[in-house]
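Q: Hi! Could you walk me through this structure? I'm new to reading these.

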Amino acid sequence: MEKIRCLFQKTVDEDFIQAVLSNPRFKESILKIKVRPVEMKGNRLFQFESFTKTQAFHENLGANEAVGRLCGYMEEFRQAQISVRGMEYTVLVSKNGKVTVKSRVVGEEQKSVDLSHNRSKRYILQEGVPVPFLQDLGVMTQEGKIVRSKSDKFRQINRFLEFIEDILPRLEKGGELTILDFGCGKSYLTFAMYYYLHELKHYDIRIIGLDLKKDVIVRCSELAVKYGYEKLTFLEGDIADYNGVSAVDMVVTLHACDTATDYALAKAVGWNADVILSVPCCQHELNGQVRNNIISPITDYGLLKERFSALVTDGLRAKYLEREGYEVQILEFIDMEHTPKNILIRAVKTGKQAAGTGEQIRICEEFLQVQPTLGRLLDKGMMR
């Protein structure tokens, strides 16, 4: 590892831009690490951002500590990409520990390094670039500026697109993809999906937005025609009753109330959808079912019982999806300060059932004396 230590020591003393460590030896803990320089109180530090499946952790270290930490991490990772001004280095570590270092000269476009601790977020949809649907929905002015009262909505849209960006490798470009958006509402995110996937990423997609509000459907349909979004359709209808397609590639359900989320998830499983993105809302069902004296310090208090029941609901939903052959993540959709309804369930079809998941579900449900709608729908195959 001395070769790696020398390289890290050299690069942090140069015009360091960033380092990315990837391809971990073990998939159970940290999956990727990003390092960049920051300036805090006049001191140059190196910010480590470590990513697990569901979380990101930050730590700021001085140069010597950073070199030591990087060397330590390279015992756990097989690849590192290091960028300094004018050069890029690639470090590869084989299974038997052989270290290979490659370097190449890069252009002079890398002239400056952003040392700000809280640098501006680079959004997928950028302020200053006019987007027609954002203008018509009142999020953006005609000049491309974000309307101040809609800044949270703008961040939410971009955050949602980041979740989609992460799963793009699971969406094949060979043919038409079908995406269903249950409970689309005013369709900020529906239009964003179409714009991002079709206009920016050039996927051949068909998106169907479904909602119970007729006036919303009429308005969104008019906008889709206005933008020339030929494969974006809006329909009035109920999640539980929709049978307009036989196969779906991705199902989106955002803030579908209470068991409407369960019907959407069951539909997605029945269609064998490759990707499911769900932001649950108003998880009331289990709040009326939970019975267990052992947890009475929680359930004796209405507010605590409500929050506990909501967490149990979404935890069981995730486990049911794992049982059905999905890899599931529970992610923070938007900051808690904006809304407590900020959990997003992201499920990607792998076909591999998590061992023992069915038994985990059974024990939990018996302990709490609950029978979630999603379990009933899946067990009976009602949505297939």
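**A cavity to begin with**

A: Happy to! The structure holds one cavity of 30 Å³ or more. Keep in mind that this is a predicted model.

Q: How much space lies in the largest cavity?
A: About 40 Å³.

Q: And which residues line the largest cavity?
A: The lining is made of Asp-262, Glu-285, Leu-286, Thr-313, Leu-316, Arg-317, Pro-372, Thr-373 and Leu-374. By class, that lining has four nonpolar, two polar and three charged residues.

Q: Which helices each supply at least two residues of the lining?
A: Helix H9 (302-323) and helix H11 (373-380) do. H9 gives the most, with three residues.

Q: OK, zooming out. How many helices and strands does the chain come to?
A: The chain has 11 helices and 14 strands. Its C-alpha trace spans about 65 × 55 × 45 Å along the principal axes.

Q: What share of the residues counts as buried?
A: Of the 384 residues of the chain, 45% are buried. Among contacts between residues at least 6 apart in sequence, 65% join residues at least 24 apart.

Q: Let's do sheets. What is the strand order in the open sheet with antiparallel pairing?
A: The order is S4-S3-S2-S1-S5-S6-S7, seven strands in an open sheet. At the edges are strand S4 (56-61) and strand S7 (99-105), each of which pairs on one side only. On average, neighbouring strands of this sheet are turned by 20° against each other, direction ignored.

Q: How many bridges pair S2 with S3?
A: Nine bridges, with strand S2 (residues 32-40) and strand S3 (residues 43-51) pairing in the antiparallel sense. To find one on screen, look for Val-35, whose bridge partner in S3 is Phe-48.

Q: What about S6, is it mostly covered or mostly open?
A: Mostly covered: five of the seven residues of S6 are buried. S6 pairs with S5 in the antiparallel sense over six bridges, and the bridge partner of Ala-80 in S6 is Val-91. Seven bridges join S6 to S7, and these two strands also run antiparallel. There, Val-93 has Val-99 in S7 as its bridge partner.

Q: Which residues in those hairpins have a positive phi?
A: In the hairpin of S5 and S6, with two residues between the strands, Gly-86 takes a positive phi near 90°. The hairpin of S6 and S7 has five residues between the strands, and Gly-97 in that turn has a positive phi of about 95°.

Q: Which strands does helix H1 lie across?
A: Helix H1 (residues 2-13) lies across strand S1 (16-24), S3, strand S5 (77-84), strand S6 (87-93) and S7, and runs at about 160° to S6. Helix H2 (residues 63-73) lies across S1, S2, S3, S4 and S5, at about 25° to S3.

Q: Changing topic: where is Leu-161?
A: Leu-161 sits in helix H4 (residues 151-166).

Q: Why does Leu-161 count as buried?
A: Because its relative accessible area is 0%, and buried means under 20%.

Q: What does Leu-161 touch?
A: Leaving out residues up to four places away in sequence, Leu-161 touches Ile-124, Leu-125, Ala-192, Met-193 and Tyr-196. As for Leu-254, that residue is 93 residues from Leu-161 in sequence and 13 Å away in space, C-alpha to C-alpha.

Q: What is the strand order in the open sheet with mixed pairing?
A: This sheet has seven strands in the order S10-S9-S8-S11-S12-S14-S13. Its edge strands are strand S10 (232-236) and strand S13 (326-332), each pairing on one side only. Neighbouring strands are turned by 15° against each other on average, direction ignored.

Q: How many bridges join S13 to S14?
A: Seven bridges join S13 to strand S14 (residues 343-349), and the two run antiparallel. Here Val-328 stands opposite Ala-347 in S14.

Q: Which strands does H9 touch as it packs on the sheet?
A: H9 touches S12, S13 and S14, and its direction makes about 155° with that of S13. H9 is also the helix that gives the most residues to the cavity lining. Helix H7 (residues 260-270) lies across strand S8 (177-182), strand S11 (250-257), strand S12 (275-281) and S13, running at about 170° to S11.

Key:
Residues are numbered from 1 along each chain as its sequence is written. This is a predicted model: local features need pLDDT of at least 70, side-chain atom pairs count only at pLDDT 80 or more; totals for chains, interfaces and linings use all residues. Side-chain values use heavy atoms; hydrogens and water are left out. On a 1 Å grid over the protein atoms alone, a cavity is a set of points where a 1.4 Å probe fits but cannot get out, and a pocket is an open set with protein on both sides within 12 Å along at least five of seven lines; lining residues have an atom within 4 Å of a point. Grid points are joined across faces, edges and corners, and a volume is the space filled by probe spheres set on the points. Helices (H or I, at least four residues) and strands (E, at least two) are DSSP runs, numbered from the N terminus. Ala, Val, Leu, Ile, Met, Phe, Trp, Tyr, Cys and Pro count as nonpolar, Asp, Glu, Lys and Arg as charged, and the others, Gly among them, as polar. Two strands pair if DSSP finds at least two bridges between them. Axes are lines fitted to C-alpha atoms, for helices over the stretch in contact, and angles run from 0 to 180 degrees between N-to-C directions. Contact means heavy atoms within 4.5 Å. Buried means under 20% relative accessible area, exposed over 50%, partly exposed in between (1.4 Å probe, protein chains only).
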